[in-house]
Every structure is written in structure tokens, then in C-alpha cells.
Amino acid sequence: KKKKNHLIKKFVMAEEWVVNEKFRKSRNPNLETNELTNTFSEPGVDKFLIRGKTYLSDREKIVSQTAGFTVEGINVFRTPEPFFHSAERIKSLKRWLEDHPKNEYFIFSFVLPGPPYVTVVQLFRKILVEGQDTVFDRLYGRFKKEGEVFQKDRFKFVCLVPTAPWALKMAISSLGGEKPVVICNKLTSSHYSGSNYTEIDVDVGSSKVASMLNSLVVGA
């Protein structure tokens with residue numbers, strides 16, 4: 001018996017789901033925080049420090065000069081069973097990738113414990129022009145070509161939580177704080193690729209610590 005697709009929301013693309021105007025005005029102290037719902041934005045590159053050319057000798061990190069990707073869309077799905085490979089299973093996302101063959105995309109998803117299972121799908125589009133940063137070009141080329149083994153060793157995730165309840169802040173601090181982590185070495189990950197995309201899905205439920213932190217975030 002063929003299982004039905006229980007996705008309850010379509011993947012909303014950038015042309016339909018832009019950054020909420022209220023979010024852009026969120027720096028206004030007169031704006032009520034409860035007005036900021038169902039939206040996302042991008043932090044500036046100055047929020048992230050990366051290894052410079054002399055890092056191995058001086059251990060100094062520098063501010064990133066240019067972002068390699070921009071957020072094309074983010075959406076959340078609730079399903080009775082966990083699902084992976086969003087680029088193939090979410091019809092509207094699959095169609096979007098097929099309709100933009102000249103663009104290069106990176107998809108990163110969190111699969112949260114259930115049931116119901118919640119999957120946060122994040123779609124990024126490459127904006128760094130070929131030749132603008134040759135080091136990035138070579139590294140990302142290997143990232144795509146060499147696949148899962150290389151990606152597990154190289155893909156880092158940084159969690160920055162500027163505002164959160166005290167309990168959540170303490171939990172993050174006890175787990176090492178807001179530092180880069182090779183996330184695929186901590187959580188079970190699934191890796192997929194297509195002609196114009198690379199996808200990594202991480203199973204938050206594969207780690208008791210991550211599951212505990214997820215419970216704090218959801219309840220915050």
C-alpha cells in the first residue's frame with residue numbers, strides 16, 4: 001500500500017516569502033516582539049569569524065569578507081514520520097530547482113524528534129561569482145565532488161542566540177557555547193546531491209544532548 005505524503009505545507013519560495021517588513025523594523029524599540037512571527041532574516045557577515053591565511057601560526061581569526069550564499073527560503077514541516085532528501089520529496093522545491101538550472105543551491109535541514117516530526121528546511125543560493133574567491137571555489141568544488149566523507153569532516157555549524165531565556169543560555173554554555181562545530185560528527189547526517197544542489201540533513205534525535213537542547217528551544 002502506497003503511503004500518502006502527509007506534508008501539510010508547501011515549500012514557499014523567495015518570490016512569495018520575502019523578509020517580513022516588521023522584522024526589518026525590529027530594531028525599533030517601540031515594536032512589540034510578539035508581532036515578529038513566521039519570518040526570517042540574514043545576519044551580517046561581520047557576525048562570523050573565519051580562519052585567516054596565517055591562522056596556523058598566529059591562531060587569529062578574521063571577519064568574513066563576503067557571504068558565499070544567500071537565503072532563498074526557509075520553511076517548516078510537521079509530519080507523522082521523519083523525512084529526508086527535501087530536494088526530491090518536496091514537489092515545489094524540486095520544481096524550483098529544475099526551473100533554475102543555472103543557479104547553485106545548498107540545502108540544510110534539521111529533522112527534529114517526534115512524532116510529530118518537525119523538519120526545518122533551509123534553502124541557500126550561491127551568490128559568490130566564480131573567480132572572485134579562488135580558495136572558496138576550490139574548496140566548494142571538493143565539497144560537492146567528494147561527497148559525504150569530505151562533507152562530514154568539513155561542514156561546520158555555528159549557533160548564535162543573542163536573546164533567549166536564562167535556562168536556554170545556560171544549556172548552550174554548558175555544551176561549549178556559541179562556537180563552530182563539525183555538526184556531522186555530532187549528529188547522524190544524510191547527504192544528497194543533484195545537478196545544481198547539495199543537501200545535508202541532520203537528525204537531531206540521534207543525540208540525547210541535542211534532543212534535550214531542542215526541547216528547551218521549543219519550550220522557550
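These legends describe close-up views of a predicted model. Local features need pLDDT of at least 70 and side-chain atom pairs count only at pLDDT 80 or more, while totals for chains, interfaces and linings use all residues. Residues are numbered from 1 along each chain as its sequence is written, and side-chain values use heavy atoms, with hydrogens and water left out.

**View 1. A positive surface patch holds Arg 59.** Arg 51, Arg 59, Lys 61 and Lys 156 form the patch. Patches take residues with over 30% relative accessible area and no salt bridge; like charges are joined within 9 Å, and nonpolar side chains (Val, Leu, Ile, Met, Phe, Trp, Tyr) within 5 Å. Lys and Arg count as positive, Asp and Glu as negative; His and the chain ends are not counted. A charge is placed at NZ of Lys, CZ of Arg, CG of Asp or CD of Glu. Arg 59 sits in the loop between α2 (55–58) and β2 (61–63). Helices (H or I, at least four residues) and strands (E, at least two) are DSSP runs, numbered from the N terminus. Arg 59 has a relative accessible area of 53%, so it is exposed. Buried means under 20% relative accessible area, exposed over 50%, and partly exposed in between (1.4 Å probe, protein chains only). Areas come from the Shrake-Rupley method. Phi of Arg 59 is near 60°, a positive value in a residue other than glycine.

View 2. Rings of Phe, Tyr and Trp (its six-membered ring) pair if their centres lie within 6.5 Å; planes under 30 degrees apart are stacked, over 60 edge-to-face, the rest tilted. Tyr 140 and Phe 143 are three residues apart in α5 (residues 134–145), so about one helical turn separates them. Tyr 140 is buried at 9%. Phe 143 is also buried, at 9%. Both rings belong to a cluster linked by ring pairs, whose members include Phe 69, Phe 106, Phe 124 and Phe 157. The whole structure has 14 aromatic pairs.

**View 3. Lys 94 meets Glu 88 in a salt bridge.** The N to O distance is 2.9 Å. A salt bridge puts a side-chain nitrogen of Lys or Arg within 4 Å of a carboxyl oxygen of Asp or Glu. Lys 94 is partly exposed at 28%. Glu 88 is partly exposed at 41%. The structure holds six salt bridges.

View 4. Glu 148 is partly exposed at 41%. Lys 152 is partly exposed at 21%.

**View 5. Glu 130 forms a salt bridge with Lys 126.** The closest N and O atoms are 4.0 Å apart. Glu 130 is exposed at 61%, whereas Lys 126 is buried at 18%.

View 6. Gly 114 and Pro 115 are joined by a cis bond with omega about 0°. Another cis bond joins Pro 115 and Pro 116, with omega about -5°. Pro 115 lies in the loop between β4 (105–112) and β5 (117–126). Pro 116 lies in the loop between β4 and β5.

**View 7. His 85 has a positive phi.** Phi of His 85 is near 60°. His 85 is in the loop between β3 (69–79) and α3 (86–89). His 85 is buried at 17%.

Terms used:
Accessible areas come from the Shrake-Rupley method with a 1.4 Å probe; for residues, only the protein chains shown count as cover.
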